[in-house]
Amino acid sequence: MTTHQHAAPTPVGGSLVNAATLVCGVLIAIMAAILLVRFIFGLGMVANINDGYSWGIWVVVDVMIGSALACGGFSVALLVYIFNKGEYHPLVRPALLASLFGYTLAGAGIFVDLGRWWNFWHIFWPGYANPSSVMFEVAVCVTAYILVMWIEFSPVFLEKMGRRDVKKKLNKWLFFFIALGVLLPMMHQSSLGTMLVVMGGQVNPLWQTPAVPLIYLLTAIVIGYGVVLFESCVAAAGYRRTIEMRLLNPLSKIMLGVLAVYLVVRFGDLLIRGALGEAFHPDWVAISFWIENIAFVAPFFLIGSTQARRNPANLFLAGIAIMIGGILLRLNGFLIGYGHFTGSGWTYFPSLAEVMVTVGIFAIEVLGYIIITRRFPVLPREHAQVAS
């Protein structure tokens, strides 16, 4: 029997004032100014959404895409706690931290996009709630998952405060929240795909399919692994740490396996429905479809061999390719391939204010990641030893 011994996580340390944090601070300040205008004078003052495109990038990018990019914690938890792959445990806290910020800010993104934001509480009030709505299911699951992740991550703060007695008591119940942390993303990630189904003929057949809930769930898992590869490489470079190749190499093989299943489901569905012909029309929708799927296929060429997986640069590029594919899958379904057959003449392109708010939200994630990893025990201690 093989056991895995991991060094305890430790704060990276160092100054919180540097070029990265200063840039993030400026971007967040710009976002705050735009949101002040938005909440006082309304959406129309800053956003280009209209009757034909009621969802702009604040929902599609910040929520649909942002939550998918935040699936690293869910994907790693599947390996560690469900499939009992304890050797990946050092990746849990960094992945969970990225997920925590991604989902929390995705929830904030929903609030920003609501026209009558002061009625936000109606979503959960029994007199107003609509349990038969897929949007209600997503709202409840995402909210519950955010709370679960903060509880899962709380041992990091308890360790910093020296409250190991409280942490010990929490650990007795943590298995329950870990189980929820695996179940809830499965529910809402598939339901995000269901939201395309209910849109009917407004969505191009390349993305409008009864299989889209499964497609969204599979890509959420794959994207989670891709984000772990990307985040691990960036953290190693930014903090001048050794890349955990002994973990990322086998993790990338698992990612390729899930990715292969996804591609079989994706193109099998297109062939069965006879929708693949839409991909050969001479328009931007078809071009975007092929870019999306080239990005999903690229990792097989980048890290398909054992030798290629030993190169950190290839793992980094494979992670980026997966993220691009996942981003385009959701962008294509909800914006680029949406409204393609209505002939209504409505168009949408995000305003500069919308873009800056989205950039500001991601800046909060980066700034938060830097602060917490520098001051709290998240990343594994350097030179961790693995013993048999």
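Which residue forms a salt bridge with R273? The views below come from a predicted model, and the first one gives the answer.

**View 1. R273 pairs with D269 inside helix 8.** R273 and D269 form a salt bridge, with 3.0 Å between the closest N and O atoms. Both residues belong to helix 8, which covers residues 245-273. They sit 4 residues apart, about one turn of the helix. R273 has 29% relative accessibility, so R273 counts as partly exposed. D269 has 10% relative accessibility, so D269 counts as buried. The cut-off for buried is under 20%.

**View 2. E159 and R93 join two helices.** Side chains of opposite charge can pair when their charged atoms come close. E159 forms a salt bridge with R93, and their closest N and O atoms are 2.6 Å apart. E159 lies in helix 5 (residues 134-160) and R93 lies in helix 4 (residues 92-113), so this pair ties together parts that are 66 residues apart in sequence. Are these two residues buried or exposed? Both E159 and R93 are buried.

**View 3. R246 meets E244 in a salt bridge.** Here the N to O distance is 3.4 Å. R246 counts as partly exposed because its relative accessibility is 36%. E244 counts as buried because its relative accessibility is 19%. How many salt bridges does the model contain? The count comes to 4. The pairs in these views are among them: R273 with D269, E159 with R93, and R246 with E244.

**View 4. Helix 3 packs against helix 6.** Two packed helices are described by the angle between their axes and the distance between the axes. Helix 3 spans residues 72-82, and helix 6 spans residues 164-197. The crossing of the two helices is left-handed.

**View 5. Side by side in the contact of helix 3 with helix 6.** Which residues of helix 3 take part? They are F74, A77, L78, Y81 and I82. In helix 6, they meet I178, G181, V182, P185 and M186. What kinds of residue make up this contact? The residues divide into 9 nonpolar and 1 polar, with no charged ones. Gly counts as polar, and helix 6 brings G181 to the contact.

Note on methods:
Residues are numbered from 1 along each chain as its sequence is written. This is a predicted model: local features need pLDDT of at least 70, side-chain atom pairs count only at pLDDT 80 or more; totals for chains, interfaces and linings use all residues. Side-chain values use heavy atoms; hydrogens and water are left out. A salt bridge is a side-chain nitrogen of Lys or Arg within 4 Å of a carboxyl oxygen of Asp or Glu. Buried means under 20% relative accessible area, exposed over 50%, partly exposed in between (1.4 Å probe, protein chains only). Axes are lines fitted to C-alpha atoms, for helices over the stretch in contact, and angles run from 0 to 180 degrees between N-to-C directions. A crossing is left-handed if the near helix is turned anticlockwise from the far one by less than a right angle, and right-handed if clockwise. Contact means heavy atoms within 4.5 Å.
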